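Hi everyone, and thanks for making time today.

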Amino acid sequence: MLSAIIISPDEQFRDATRELLEGSDQIEVRAELNNFYSSLDSWIFNEIKTMEADVIIVDVVPDKEQGILTVEKILEISKHSHIFVAGNGTDADVILRSMRAGAKEFLSTPLESQPLFAAIERVSKVHTVATKEKKRFGKLFTFFSAKGGTGSTVVSTNFAVSLVEQTKKPTILVDLDMQLGEVSLFLGMKPAFNIVDVADNIHRMDEALLKGFIKKHASGLDVLAAPDSLEKVESVGPSQIVQILQFLKNSYEYVVVDTSNTFDDHTVSALDQSSTIFLISNTDLPSLRNAQRCLSIFERMGYKKEKIRLLINRYQKSLEIRTKDIEETLNFPVNWFFPNDWPTIMNAVNSGVPLSTVNHSEIAGSFASFVQQVAGIQPPKQPEKKKKGLLGLFGK
Ligand SMILES: Nc1ncnc2c1ncn2[C@@H]1O[C@H](COP(=O)(O)OP(=O)(O)OP(=O)(O)O)[C@@H](O)[C@H]1O
Ligand SMILES: [Mg+2]
């Protein structure tokens, strides 16, 4: 996956470009800057260097001079990046000067998907050949329970196992419920090391050292466990969590995080860095009320609506509450419903064996389809057409 930064003082341009890029499975937007070089704080500008983005799109329409200066300055600090200049395609002067400044591509505004995707394809080819050892830009999925016990550990562990089984891509599950983490228990594992060991060594971390702290589950999923004693938790600060997650995003295709259901520093660090936050609620009133609170906290934290997906766990079709009622109460669409199936879940939890490996229950099927939706996988072809149950219609 390539990474991109969009630079433009024009919000409409940034929104439109982001939307276009979301239509490509080759690239992910890592940051958006709302000003040119001269008007940005130097530390923000220097972040570009740290991000090592593959593609940086600079919109020079609002100010040609400042735009081209920005291209030059970026290339001084981030030689590896491919700059795409977006500008007026009939202005020969700006095209020439952009290319002289070091831009790889000139794209006429308004941007259109076809030339943009063709340019991305060219970068992608160079990228694959030239940088085999390059860092990844993995996706980070964080699961957060609206209220204690609504199911973030059940959902995150089963999601992560099914994700690695279906995609076969490097995936790690991180237990950030630092005080009462149960991920290893749910997966029937006894890890020798945990996140505190990684935090203590983060200053000298590399892939080989990381491997030593990680336990591999039979499914192929890597697991970074929570500490086994409470005293150790305090030694880990939020900045270490940021560094750990950043490191993992560079090493894995998917980083899945289970959290405690409080907005503590560790959780907020994960929420901030997430590609997607999955907020889990049940259908009882206290849980829905908390979900509502969480959604408004997310809004105050500045998270865009698209970053959040609402999952309803323990859904019972027979109950009075309908999708419409939930969505109206929360003013938010429900992305997925996981059915209520206590015996199956308890059996899986008590035996430490995830659902996908043991059975073909409705809930196991629901996890498999949920993963397909999140990771954009085509579901395997069914031998014969089955009647579509109610759950098959959810999440559409
Ligand atoms: N879909 C489900 N159907 C039936 N029971 C479920 C389902 N999901 C979870 N449970 C039950 O709810 C319990 C709590 O789930 P889980 O531990 O995943 O919640 P949590 O949000 O992580 O809780 P905590 O706040 O303690 O971390 C499980 O042990 C299981 O008994
Ligand atoms: Mg939990």
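Let's start at the ligand. Three elements each supply at least two residues of the shell around ligand 1: α6 (152-167), β12 (308-315) and α15 (342-351). When I say helix or strand, I mean DSSP runs, H or I over at least four residues for helices and E over at least two for strands, numbered from the N terminus. Before I go on, please keep in mind that this is a predicted model, where local features need pLDDT of at least 70, side-chain atom pairs count only at pLDDT 80 or more, and totals for chains, interfaces and linings use all residues. Residues are numbered from 1 along each chain as its sequence is written, while chains are lettered from A and ligands numbered from 1 in the order in which they are written.

Back to the shell. How many residues surround ligand 1? There are 20, and the closest are S145, G148, G151, T153 and V154. A residue is near a molecule here if its C-beta atom, placed from the backbone, lies within 6 Å of it. Helix α15 gives the most to this shell, with four residues. By type, the shell holds seven nonpolar, 10 polar and three charged residues.

A348 counts as buried because it has 26 C-beta neighbours inside 10 Å. Buried means 20 or more other C-beta atoms within 10 Å of the residue's own, exposed means 12 or fewer, and partly exposed is in between, with C-beta atoms placed from the backbone. A348 and S162 are 186 residues apart along the chain, and their C-alpha atoms are separated by 14 Å.

Now let's step back to the whole chain. The protein chain is divided into domain 1 (2-130) and domain 2 (139-393), with bounds that come from an automatic or database domain assignment. The C-alpha centres of the two domains lie 34 Å apart.

On to the sheets. One is an open sheet of eight strands in the order β8-β9-β7-β10-β6-β11-β12-β13, with mixed pairing. Its edge strands are β8 (215-216) and β13 (334-339), each pairing on one side only. Two strands pair, by the way, if DSSP finds at least two bridges between them. R314 is buried, with 23 other C-beta atoms within 10 Å.

The other sheet is open as well, with five strands in the order β2-β1-β3-β4-β5 and parallel pairing. Strands β2 (27-33) and β5 (105-108) stand at the edges with a single partner strand each, so one side of each is left without a neighbour in the sheet.

Which residues of β3 are buried on its two faces? On one side they are V55, I57 and D59, and on the other I56 and V58. Five of the five residues of β3 (residues 55-59) are buried, so this strand is largely enclosed by the rest of the structure. Strand β1 (residues 2-7) runs parallel to β3, joined by four bridges, and I6 stands opposite I57. Strand β4 (residues 82-87) also pairs with β3 in the parallel sense, over five bridges, and there V55 has H82 as its partner.

Right-handed means that, with the strands pointing away from the viewer, the path from the first strand over the helix to the second runs clockwise. Likewise, β1, helix α1 (residues 11-22) and β2 make a right-handed β-α-β unit.

Two loop details to finish. E52, in the loop between α2 (42-51) and β3, has a positive phi near 50°. And the peptide bond from T109 to P110 is cis, with omega near -5°; P110 sits in the loop between β5 and α5 (113-130).

Notes. Ala, Val, Leu, Ile, Met, Phe, Trp, Tyr, Cys and Pro count as nonpolar, Asp, Glu, Lys and Arg as charged, and the others, Gly among them, as polar.
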